[in-house]
Amino acid sequence: MTVEAFDLIVIGGGSGGLATAIRASKHGAKVALLEPKDLGGTCVNVGCVPKKAMWYAAQMAEAQYIAADYGFTDQPGKLDWPRFIERRQAYIERIHVSYQRALDNGHITLIRETGRFLAPGHIQAGDRELKASHVVIATGSSANRLDKPGFDLGMTSDGFFDLRDCPRRTAIVGGGYIAVELAGVLRALGSDVDMYVRGRLMGGFDEEMAYGLGDEMRQHGIRIHYTCEIDAVHEKDGVLLLDCNRGDHPGPYDALIWAVGRHANTASLDIGRIGLVTDENGHVLIDDWQNTNVPGVYAVGDVTQRLALTPVAVSAGRKLADRLFGGKKDAKLDYDNIPSVVYSHPPLGTCGMSEEQARERYGADVHLYKQSFVPMQLALAQRPITARFKLICVGEDSRIVGMQMLGPGVDEMLQGFAVAIKMGARKSDLDATIAIHPTSAEEMVLLGDRVPG
């Protein structure tokens, strides 16, 4: 069998893999990209893109009720779910086409197979053998499954995107970002939602803001249960009943969503053959340059232990390609002060450290500025949804090390503030900025005295 030679082999055609392959091809590298499924990976097909589409639909549903509070006389209506799904899928198909065009323009060889290692730099892809000096693993992650009776009576987050109508009663197991996002969407679209959470909402996020999000979700009509762990699921007369470890039997539900974490997709790679090191959760271990412990083998995106965010995977892949093929020997992603937003109801935005992380690193040097308010749009509708802003600073010059925002519109506000934080902004820089009035964003530059403690 003839071994096909490339400069770079990328295993996985999600956001990180595509970004790496396309950037490397622009530097003149001969690239092979292995992806047996739809281009775009989790984000485009069963993640951020369709999720944000559903979040927009949920916003439109809520806007109808706000309009009624303002005095508009049209009665709120139900989403034509199948029609909207057609629009959502058409949007995704346009993304697929644009990716294929980029691969064609870059003369990238797309192989619709799963890759596995025969040796470092030597990959089996179906009945083809490939070799390259550089191999990038970008195989992403998948939803966890639990060994519980009746698990398959529910669905993972992937299954949510197969729904063609809104369930009347939904149970969601989990308290992370996927759980809170789907809970908010389903509630806004008309489902009666219960969440079963082990620990607290949004573990790893700022604790005060996470509790604030829980308060707003309960105001939104979502019931959150912290003391019931689901042990089993049963189907009876077309509905689902749950077994709780405290002896209760919650239900009935028309749908059950398991949002209990994700695991790295490495099982098909035969990584043991090359001695690739992973952590206890199966993530490929990398250094700050995306290097694994095996020379010539790298990893980007959710398959690693770094932040599971599409822009992080894209930027890391591009920086790696610049270093390997673009002559930029110092190119690497700076993982500090990365902004992100949870598309909950209301959304939760974060950049930099949580209060807990800051106190662990800086101790008594940490001080806070906070503000809570009802946004004007909702105050006019007499809907008491509270926005919460929090600035985490250190030192006498109040350097900003963390910004936390909870409330309507923070998903669009945070990006500009993130630039300032990345540039080393101080509280005095916000004080010197003239507010845009009347907006919610102005509250961040009008924060007053330090919070005691």
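Two strands count as paired here if DSSP finds at least two bridges between them. Helices (H or I, at least four residues) and strands (E, at least two) are DSSP runs, numbered from the N terminus. One thing to keep in mind: this is a predicted model, where local features need pLDDT of at least 70 and side-chain atom pairs count only at pLDDT 80 or more, while totals for chains, interfaces and linings use all residues. Residues are numbered from 1 along each chain as its sequence is written, and side-chain values use heavy atoms, with hydrogens and water left out.

**Stop one: a four-stranded sheet.** Select E10, E9, E8 and E13, in that order: they form an open sheet with parallel pairing. Strand E10 (223–225) and strand E13 (255–258) sit at the edges with a single partner strand each, so one side of each has no neighbour in the sheet. From one strand to the next, the twist averages 20 degrees. Zoom in on strand E9 (residues 192–196), which pairs with E10 over three bridges; there, Tyr196 stands opposite His225.

Jump to strand E1 (residues 3–11). Eight bridges join E1 to strand E6 (residues 128–137), in parallel, and Val3 stands opposite Glu129 in E6. Four bridges link E1 to strand E2 (residues 31–34), also running parallel, with Ile9 opposite Ala32.

**Stop three: what does Ile9 touch?** Show everything around Ile9 and, not counting residues up to four places away in sequence, you'll find Ala32, Leu34, Ile123, Leu130, Lys131, Ala132, His134, Val135 and Val136. Contact means heavy atoms within 4.5 Å.

**Last stop: Val445.** Select helix H13 (residues 442–445), where Val445 lies. Is Val445 buried or exposed? At 11% relative accessibility, Val445 counts as buried (buried means under 20% relative accessible area, exposed over 50%, partly exposed in between, with a 1.4 Å probe and protein chains only). Leaving aside neighbours within four places in sequence, Val445 is in contact with Phe417, Leu430, Asp431, Thr433 and Ala435. Finally, draw a C-alpha to C-alpha distance from Val445 to Arg318: 34 Å in space, and 127 residues apart in sequence.

Terms used
Axes fitted to C-alpha atoms, helices over the stretch in contact; angles between N-to-C directions.
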